[in-house]
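Here is a short walk through a predicted model, with the sequence and structure side by side.

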Amino acid sequence: MILFKDVSKVYGNGVTAINNLSLRIYKDEFVFLMGASGAGKSTLIKLLMKEEDPTSGKISVNSRDLSMIRRGAVQRYRRQIGVVFQDFRLLEHKTVFGNVAFAMEIMGKSRKDINEKVEASLSLMGLSKKADEYPRNLSGGEQQRVALARAIVNSPRILIADEPTGNLDPANAEQIMYLLELINSQGTTVIVATHAQEMARKMGRRILYLDHGTRNDNMSSGGGGAEEAMAAGDRVNISSAFGEFAANVQEEEYSGLFTEDNSVSDEGGK
Ligand SMILES: Nc1ncnc2c1ncn2[C@@H]1O[C@H](COP(=O)(O)OP(=O)(O)OP(=O)(O)O)[C@@H](O)[C@H]1O
Ligand SMILES: [Mg+2]
């Protein structure tokens with residue numbers, strides 16, 4: 001479980017990006033983070049990754065107080081979090097396979113383990129045939145799927161996506177949403193920062209609205225918000241919208257990605 005308790009972040013230039021924010025995200029949740037440009041979405045993500053430290057307040061992830069994590073242990077902490085950025089951030093001189101394998105190579109995983117997990121991850125993202133291509137030869141949607149494959153290859157407990165569909169056309173954006181749902185259904189907490197209000201509502205998941213760095217739950221009222229839809233039990237079944245693509249996804253292979261790491265105790269998680 002992710003907990004923010006009265007968290008504020010004031011940057012060096014005096015800008016208050018997060019203002020006395022409290023929130024709770026449960027282990028099995030898929031939540032959207034919405035709010036205008038500058039509302040603090042990316043800052044919240046940076047705090048979660050411990051790329052920035054809060055000016056005040058407490059953040060805990062799976063019962064771990066982030067302020068207690070020593071500098072030398074930050075990398076290890078981050079390994080339980082997969083991240084996808086709007087601009088993909090793929091390594092241009094590495095193939096698709098190489099991009100996804102890279103994080104595991106750094107961790108000194110065996111070649112066999114790397115091959116198995118990278119192949120499963122690429123297969124899940126519908127990218128097996130692109131394994132030997134370089135990122136520049138891929139479409140935007142494909143590049144984003146490589147970034148997703150890379151983010152999940154180490155079986156993260158939390159997956160964070162910052163505007164994962166910002167550069168994609170509607171069809172590719174929906175495909176990415178479907179894949180995020182699939183990842184969530186396997187036990188990974190999914191957090192998606194987005195401006196795509198329409199899509200977020202359609203997904204029927206909880207939406208956290210940020211306004212000038214703090215929660216604004218009023219923004220969800222009116223127009224049949226996601227939380228109301230969920231309460232009414234009419235959550236959109238997005239999977240059914242992807243007939244062919246979904247059929248090609250090999251869920252079994254994906255399950256194989258989630259072995260030891262996710263079966264360990266939840267440390268008081270939910
Ligand atoms: N490194 C930084 N130093 C100083 N100010 C920053 C820094 N990063 C962000 N800010 C400021 O903090 C506020 C929140 O920025 P943040 O990037 O978190 O917003 P956002 O919700 O992600 O916006 P967008 O939707 O445009 O990505 C903004 O006013 C921004 O200018
Ligand atoms: Mg941002």
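A residue is called buried if 20 or more other C-beta atoms lie within 10 Å of its own, exposed if 12 or fewer do, and partly exposed in between, with C-beta atoms placed from the backbone. Helices (H or I, at least four residues) and strands (E, at least two) are DSSP runs, numbered from the N terminus.

## Reading the model

Residues are numbered from 1 along each chain as its sequence is written, while chains are lettered from A and ligands numbered from 1 in the order in which they are written. This is a predicted model, where local features need pLDDT of at least 70, side-chain atom pairs count only at pLDDT 80 or more, and totals for chains, interfaces and linings use all residues.

## Helix H1

Helix H1 is mostly covered, with 6 of its 8 residues buried: Lys41, Thr43, Leu44, Ile45, Leu47 and Leu48. After H1 comes Lys50, which has a positive phi near 60°.

## The sheet

The open sheet has 6 strands in the order E6-E7-E8-E3-E9-E10, with mixed pairing (two strands pair if DSSP finds at least two bridges between them). Strand E6 (81–84) and strand E10 (214–215) each have a single partner strand, so one side of each lacks a neighbour in the sheet. Strands E7 (residues 158–162) and E8 (residues 189–193) run parallel, joined by 5 bridges, and Ile160 stands opposite Ile191 in E8.

## Around ligand 1

H1 gives the most to the shell around ligand 1, with 3 residues. By class, this shell has 4 nonpolar, 7 polar and 1 charged residues (Ala, Val, Leu, Ile, Met, Phe, Trp, Tyr, Cys and Pro count as nonpolar, Asp, Glu, Lys and Arg as charged, and the others, Gly among them, as polar).
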